[in-house]
Amino acid sequence: MSTQELKGIIFDIQAFSVHDGPGCRTNVFFAGCPLRCKWCANPENFAGRPHLLYADKVCKWSSGCRACTKICPRGGLIFQDDQQPIINWDVCNKCTTFECRPVCAASALKVCGKEYTVDDVMKILRRDFNHWGSEGGVTFTGGEPLLHYDFLLEVLKRCAAMQIHTAIETSGYAPMERFLNILKYINFAFIDVKNMDDKKHIEGTGVSHKIILENIAALKKSGWDGRLILRQPTIGGFNDSEENAQKLIDFMKKNNLYEINLLKFHRLGQTKWEQMGMKYAYAKTGDVSLEQLQKLQNMYLDNDIVCYVGDSTPF
Ligand code: SF4
Ligand code: SF4
């Protein structure tokens with residue numbers, strides 16, 4: 001396949017980000033993820049292709065709007081007895097044409113994700129280039145950027161030619177050869193380690209942590225000269241124990257890793273889970289007290305591991 005034919009599914013590109021790498025950055029959000037984290041803030045990414053979002057709170061059905069009633073050729077939208085439209089997610093999750101979207105003036109129906117070429121992405125990066133200053137650059141995030149291996153590799157080669165600073169936020173869940181090939185072009189990496197107990201990792205994310213831990217260890221052994229910061233979204237009852245922290249500290253020390261960012265639990269994804277017709281598992285639980293976060297932070301600091309909590313980071 002020629003580089004012109006390569007396509008990546010991206011659900012958003014945001015300029016002026018300040019929390020996902022050094023300086024001012026442009027974030028490129030890739031669609032699709034091999035994990036299914038139960039607290040995910042971007043569940044619209046799970047599918048890895050464009051799909052429908054329905055925002056019930058802005059839907060104008062109670063004002064009499066029925067513009068979308070007869071538009072769907074597959075029965076994706078169901079109106080019953082003057083009630084709010086029901087989305088038939090079994091149908092809509094397979095849709096590729098989205099005839100319903102243009103008729104909704106209220107923007108209650110939106111399509112998330114679209115195809116980009118490498119040139120499309122580079123055009124946007126060139127647009128933002130002058131805003132980054134001396135430290136900034138581009139951060140590839142998602143979803144999981146590594147799912148778009150060929151596309152991302154080509155974008156990264158073009159970034160390298162322009163000396164653009166590159167960062168990645170990744171689950172690290174990818175075949176090792178691909179993971180290491182991509183990381184060769186990355187200056188700054190955030191990799192999540194969500195639980196050191198593999199059974200719990202599978203329960204919370206749907207996959208084993210084995211590949212992730214092996215990839216991190218291989219990256220450190222490879223002579224890669226970028227900066228690696230581990231991240232842990234800290235979820236009450238899932239990975240907020242001292243026991244889990246101690247296992248992660250042991251892993252970090254064994255692999256010469258000295259920076260971690262404990263992210264605070266939030267419910268930013270809850271509305272999106274609901275807009276996609278799915279149940280959000282952490283609607284009531286998941287919070288971790290400040291005291292517990294400080295206790296965990298002190299454990300890392302006592303082991304000479306720099307530990308940032310939440311957004312209090314120097315990047
Ligand atoms: S067209 Fe939009 S606002 Fe109107 S009923 Fe359909 S989803 Fe709701
Ligand atoms: S997303 Fe597709 S299947 Fe669903 S209502 Fe719209 S047009 Fe119909």
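Q: Anything to know before we start?
A: This is a predicted model, where local features need pLDDT of at least 70, side-chain atom pairs count only at pLDDT 80 or more, and totals for chains, interfaces and linings use all residues. Residues are numbered from 1 along each chain as its sequence is written, chains are lettered from A and ligands numbered from 1 in the order in which they are written, and side-chain values use heavy atoms, with hydrogens and water left out.

Q: Okay, what order do the nine strands of the open sheet come in?
A: The order is β7-β1-β2-β8-β9-β10-β11-β12-β13, and the pairing is mixed. Strands are DSSP runs of E, at least two residues, and helices are runs of H or I, at least four, numbered from the N terminus. Two strands pair if DSSP finds at least two bridges between them.

Q: And which are the edge strands?
A: Those are β7 (114-117) and β13 (306-309), each pairing on one side only. On average, neighbouring strands in this sheet are turned by 30 degrees against each other, ignoring direction.

Q: How many bridges join β1 to β2?
A: Five, between residues 7-17 of β1 and residues 25-30 of β2, and these strands run antiparallel. Gln14 sits opposite Asn27 of β2.

Q: Switching to helices: which strands does α3 lie across?
A: Helix α3 (residues 149-161) lies across β1, β2, β7, β8 (137-141) and β9 (165-170), at about 170 degrees to β8. Angles run from 0 to 180 degrees between N-to-C directions, with axes fitted to C-alpha atoms, for helices over the stretch in contact. Contact means heavy atoms within 4.5 Å.

Q: What about α7, which strands does that one lie across?
A: α7 lies across β11 (227-234) and β12 (259-264), running at about 170 degrees to β11.

Q: How do α7 and α9 cross?
A: The axes of α7 (residues 242-254) and α9 (residues 290-302) come within 10 Å and cross at roughly 25 degrees. That makes them roughly parallel, a label for angles under 35 degrees. Residues in the contact include Leu248 and Ile249 of α7 and Leu296 and Met299 of α9.

Q: Last topic: what surrounds ligand 1?
A: Tyr54, Cys59, Lys60, Cys65, Ala67, Cys68, Phe79, Cys104, Ala106, Ala108 and Leu109, each with a heavy atom within 4 Å. Of that shell, 10 are nonpolar, none polar and one charged.

Q: And what classes are around ligand 2?
A: Eight nonpolar, one polar and two charged residues, among them Cys72, Arg74, Gly76 and Glu99. Ala, Val, Leu, Ile, Met, Phe, Trp, Tyr, Cys and Pro count as nonpolar, Asp, Glu, Lys and Arg as charged, and the others, Gly among them, as polar.

How values were computed. Parallel < 35°, antiparallel > 145°, perpendicular 65-115°, else oblique.
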